[in-house]
Amino acid sequence: MSTNSRGVSRRRFLEGAAVATGALGMPFVRTARADAPTFKAGVITSLSGENILGGNLTKRGYDMWADVINAKGGVEVGGDRFKVEMFYGDDQSNPATGADAAERLIVQNEVDVLFGPYTSGSTIAVQPICQKYQVPMISGSAESPNVWKAKPEFNFGIIPAVDITAGKSLAVLAKAASPAPKTVAVIGVNEPFSKETGEGFRDGAKAAGLDLVAYELVPAEGDLTPVISKIAALKPDMVAVGGHEEPLINVVKTSKSLNFRPKALIMHYGVTDPAFAQALTADADGTCGVVVWLPTVPYKDDLFGTAKDFADMVQKKFGHEPDYTEAGCAVSGLVFGDAVKRLGKKPALSPEDRVALKDAIAETDLHTFYGPIKFEKDGDHFHDNIQPEPVLVQIQGGKTVAVGHEGGAGAALTYPLPAWK
Amino acid sequence: MPESGFASILSNKQSEPKNGEQLDLFLQTLINGLLIGGVIATFTIGFQLTFGVLHVIDFAVGGWVVLGGYLAYYISALLKLDGFLAIPVAFLLFGAIGYLIGPILYNVRNSRTARPELMALALTFGLFTLLRGGMLTAWGFNTHSVPTALSGESLTIGPVTVPMIRVAAAVFAIVIAGGLFLFLYRTRYGLAIRATAENRQNAALMGVNIRRLSANVYGLYAGITAMAGVLMAAIFSVNPEVGLRYTLFAFFVAVLAGLGSVGGALVAALMLGTIEAFVSTYVGSSYSLLAIFATLFLVLLVSPRGILKRGL
């Protein structure tokens, strides 16, 4: 072991330096918290990597809540208001990195609550970290049913799992279409969320009495021409696709290049993203999607106002109409604010407070601009909010309109789709 | 229970096309495979040329593809012009940038540091990361599409539908490969390139300015690859994250072809495209990458210098 001239070992010197640095730093940390107590919220999402688009949508939703609540003075607890401080962790579109980021937010930033990642894969990876440190996480995006099957004690989901929404949507579409479709082909991109969306469509097709002529899982990197050619040869009435934005765009482009257009094309996430219609322009028209929220739904709350008010806020701040992911993420903050208010604990929350916060979140029964929020207490969708009804939408004239929702502004479904121009 | 793989294949048996349509599907699959092979070849040819001369595996290849795609997108979106008009612009613009980067790569590759080939590899990986990060910062994360005169156009020959834009890409690949062959085997400068690829020291002794030649070759490669990017964005779509996919495919094709073999790249790309199409159609799309990896493995086992045995 190396020693310096005074005989102090290098290791001891470094230990001493570390302790001294920590001792010097700690009073400032404590003073900062004591002077301006704030609730610390950690956001883990995909700020780089292949899911950067969705990751930024989640971040915008969470930030929207923080901006609005801070503008009102902060979260109300016992008559006082406490501002919210946001911390961010990038999962780099990689679940393992997401778990590391969550741990850093909890240990280094000492967050009181976590807001969950964009992808289900990262959400599942972060759950054990939440359990280990007993920090509640509210997920405004994760839609895979597998997120809830393991009954995560500290994780809560705002958006209903995709097996519920995708499955129901085919029945709604089949009911709205005339003449009634009889056959359907399902494509799912082979990654967790998209595959489960495909499975939701597949099971929904069977439940709706449709004949499933093909069920294809495709690699995210692969060329879609072979699978679209194969499906075209089977001449299904409807094609349902589980995937994110890029494969969805490529499905439409490939179908057009092969001059194949089913009577109905339904996708899940991504259709309501303005980038989808912008990328495809007129070719996007007629594509159906499934959402759990639209700016036209007739819900409201005291913080954001109506769904339309929220949409206007996002439009003003970010320059685009929000989709349901942004809405779900903004509502995650609302759920935290409601729970901590009921709990009556001021920042910073102790470990015991965080466990009590988890219990308070589990008892949430809220009506928001997003719709009703109430978490399941048992079953395969444990801690998921399955209250919202899926809304069938279709792109018509470049705009996304509801075509199958009782509460939304219903437009007539374009069916069958005309041949490609 | 999730139905995938063989369960999916079994479930699809009841819904397969009828006998008369089987032949149609076979022909369609063959055309699909050859065309996607041609598409893949477009960005692999320059990659091979660079390896042959600079002895560098350029991980930045996907970055050049995406840059070409973005150029086409902005030309079509801002100037309201056909995306294909970006092809010559991409060649000139990114060719010039490549010409400036080439000497840096040459210096690193020929430096006196230990393992300069790994340093060069790290440099291209760094360049790729820089390009990807720069594009994300500058242009955001949305996926874009590039409209062209051939977008959505198809030719129906009997039972087979041929997407015209893929035909254009395949023709582009053939023209580029043919042009490169003529250039390499019918011009004095091509002779200098081949001589450099074969033995750098001897070429230098014969009066070839290796440094300038490397800059020219890297510029040529960057220009060709960016042109291919225009086609990629028109056929598929473009966002900053798709570059890695093209880098991997270029590498797969290069290994199958034999590193440095331009002719082999065309053959290997057509082979991989056809395998992917047939496996996707008749076995299941989820097995297509497995089939590609298995093919690579077998070829490396039997013929480590690639399918034409002309690789380095």
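1. A term to start with: helices here are DSSP runs of at least four residues, numbered from the N terminus. With that in hand, H11(B) is the element that gives the most to the lining of the largest pocket, with 5 residues. Please keep in mind as you read that this is a predicted model.

2. Let's stay with that pocket. The space in the largest pocket comes to about 910 Å³, and 40 residues line it. Nearest its centre are Glu50(A), Asn51(A), Ala220(A), Glu221(A) and Arg245(B). Sorted by class, the lining has 17 nonpolar, 15 polar and 8 charged residues.

3. Now to the domains themselves. Domain 1 of chain A covers 37–160 + 296–373, and domain 2 covers 163–291 + 390–402. Their C-alpha centres are 29 Å apart. In the contact between them, 13 residues of domain 1 of chain A meet 13 residues of domain 2 of chain A. About 1,300 Å² is buried between these two domains, and carbon and sulfur atoms give 60% of that area. The salt-bridge count between domain 1 and domain 2 of chain A is 0.

4. Chain A puts 42 residues into the contact and chain B puts in 47 residues. The area buried between chain A and chain B is about 3,600 Å², with 53% coming from carbon and sulfur atoms. On the chain A side, Asp223(A), Glu246(A) and Lys253(A) supply 16% of the area that chain A buries against chain B, more than any other three residues.

5. How many salt bridges cross the interface of chain A and chain B? The rule finds 2. Arg245(B) and Glu246(A) are joined by a salt bridge at 2.7 Å, N to O. Arg245(B) is also among the residues nearest the centre of the largest pocket, and Glu246(A) is one of the three named above for buried area.

6. Over all chains, the count is 22 salt bridges. One within chain A pairs Lys263(A) with Asp237(A) at 3.2 Å, N to O. This pair links distant parts of the chain, 26 residues apart: Lys263(A) sits in the loop between H9 and strand S11 (264–267), and Asp237(A) in the loop between helix H8 (225–234) and strand S10 (238–242).

7. The largest cavity has about 260 Å³ of space. It is lined by 21 residues, and closest to its centre are Glu221(A), Gly222(A), Asp223(A), Phe236(B) and Arg245(B). H9 of chain A, along with H2 (19–42) and H11 of chain B, each give two or more residues to this lining. By class, that lining has 14 nonpolar, 2 polar and 5 charged residues.

8. Finally, the second largest cavity has about 80 Å³ of space. Its lining is made of Tyr118(A), Thr119(A), Ser120(A), Ser141(A), Ala142(A), Glu143(A), Phe193(A), His244(A) and Tyr269(A). By class, these are 4 nonpolar, 4 polar and 1 charged residues. Domain 1 and domain 2 of chain A each give at least three residues to the lining of the second largest cavity.

Terms used: Residues numbered from 1 in each chain as written. Chains lettered and ligands numbered in written order. Predicted model: local features only at pLDDT ≥ 70, side-chain atom pairs only at ≥ 80, totals over all residues. Heavy atoms only, no water. 1 Å grid on protein atoms, 1.4 Å probe; cavity = no way out; pocket = protein on both sides within 12 Å on 5 of 7 lines; lining within 4 Å. Points joined across faces, edges and corners; volume = space filled by probe spheres on them. Nonpolar A, V, L, I, M, F, W, Y, C, P; charged D, E, K, R; others polar. Contact = heavy atoms within 4.5 Å. Buried area = accessible area lost by both parts, 1.4 Å probe. Salt bridge = Lys/Arg side-chain N within 4 Å of Asp/Glu carboxyl O. Domains from an automatic or database assignment.
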